[in-house]
Amino acid sequence: MKFSKKSRYGLTALIDLSVYSKSGHVALSSIARRNQISVQFLEQVFGSLRRAGIIKSVKGPQGGYLLNRSAAKITVAEVILALEGSYYLPDEDISGENGSAAAASAIQSQVVDAVNHQMDRLLQNITLEDLEREYQNYCASNELMYYI
């Protein structure tokens, strides 16, 4: 699995959208400015998220974006699948000689399949709501810091 900038920025933008869309749609330029992400890059990311049904767009001069359903129902797995296509380790090539095919089969079942299963369980159980909560906790704790 590669956790690319596209996935990182996509999750960052979705956290921002979740936080700021409580009172209405949010302009892409606002998300880009707050998170120092290129608007052009976010347009590509949001295109993928819109096609996956994670967000919806509001057309017009005062348009913007909204989550298509509650943050509690959007998983990190779903977001990464929309942006990357897959987060699984690729399967082992088990063709070849007896010894190498046996080793490849063992690696496939004991490592690759196990890692993919655990990664799937983990990413399916983290929601956008969880990320937003962590974001809000971090912001609240930093507001209490005083620097001299």
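Here is a short chat about salt bridges and a hairpin in a predicted model.

Trainee: What should I know about the model before I start?
Mentor: It's predicted, so local features need pLDDT of at least 70 and side-chain atom pairs count only at pLDDT 80 or more, while totals for chains, interfaces and linings use all residues. Residues are numbered from 1 along each chain as its sequence is written, and side-chain values use heavy atoms, with hydrogens and water left out.

Trainee: How many salt bridges does a search of the whole structure find?
Mentor: The search finds 5, where a salt bridge is a side-chain nitrogen of Lys or Arg within 4 Å of a carboxyl oxygen of Asp or Glu. One of them joins R34 to D16, with the closest N and O atoms 2.7 Å apart.

Trainee: Where do R34 and D16 sit?
Mentor: R34 is in helix α2 and D16 in helix α1, so the pair links distant parts of the chain, 18 residues apart. Helices here are DSSP runs of H or I, at least four residues, and strands are runs of E, at least two, numbered from the N terminus.

Trainee: Is D16 buried or exposed?
Mentor: Buried, at 3% relative accessible area, whereas R34 is partly exposed at 31%. Buried means under 20%, exposed over 50%, partly exposed in between (1.4 Å probe, protein chains only).

Trainee: New topic: how do β1 and β2 pair?
Mentor: Antiparallel, over 4 bridges; pairing takes at least two bridges found by DSSP. I55 stands opposite L67 in β2.

Trainee: And what's in the turn of that hairpin?
Mentor: There are 5 residues between the strands, and G60 in the turn has a positive phi of about 110°.
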